[in-house]
Amino acid sequence: MAAPVDLELKKAFTELQVKMVDTQQKVKLANLQIDQLTRVQKHAKLTHAEITTLPDNTRLYEGVGRMFILQSKEEINNQLTDKQKTADEKIRELEQKKLYLERSVKEAEDNIREMLLSRRAQ
């Protein structure tokens with residue numbers, strides 16, 4: 001009778017270990033993406049701050065590949081604002097994804113603890 005329970009526990013532990021490794025990798029990836037998006041957001045914010053100090057008649061160019069395109073100050077400000085908003089939204093989504101992953105691992109750990117406690121009780 002003890003052998004099937006041991007096999008169940010062994011299977012549950014291996015599943016938890018696989019899930020933990022997978023989740024840790026996903027959390028690391030999410031952290032890297034958050035860091036990169038934070039840098040993009042900071043760059044856009046700093047560029048926006050510099051552009052606002054320039055006079056309205058200043059000629060501004062946007063780098064596209066290997067060339068530069070003449071853009072109005074308003075268009076560049078709009079693009080920078082959009083960059084900041086999209087980065088902020090993606091950061092929020094990644095934070096929610098991280099919380100979900102951490103909760104799912106915690107639930108799996110709790111399930112195994114319950115399984116161990118029920119085995120000890122028998």
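Student: In which strand does Tyr 61 lie?

Tutor: Strands (E, at least two residues) and helices (H or I, at least four) are DSSP runs, numbered from the N terminus. Tyr 61 belongs to strand β1, residues 60–64. This is a predicted model, where local features need pLDDT of at least 70 and side-chain atom pairs count only at pLDDT 80 or more, while totals for chains, interfaces and linings use all residues. Residues are numbered from 1 along each chain as its sequence is written, and side-chain values use heavy atoms, with hydrogens and water left out.

Student: How does Tyr 61 count in terms of relative accessibility?

Tutor: Buried means under 20% relative accessible area, exposed over 50%, partly exposed in between (1.4 Å probe, protein chains only). Tyr 61 counts as partly exposed because its relative accessibility is 45%.

Student: Where does Arg 92 lie?

Tutor: Arg 92 is in helix α2, residues 73–121. Its relative accessibility is 48%, so Arg 92 counts as partly exposed.

Student: Which pattern does the protein chain follow along the sequence?

Tutor: The pattern is α-β-β-α. The radius of gyration (over C-alpha atoms) is 25 Å, well over the 14 Å that the globule rule (2.2 Å times the number of residues to the power 0.38) gives for 122 residues, so the protein chain is more spread out than a compact globule. The C-alpha trace spans about 85 × 25 × 15 Å along its principal axes.

Student: What percentage of the residues count as buried?

Tutor: Of the 122 residues of the protein chain, the buried share is 22%.
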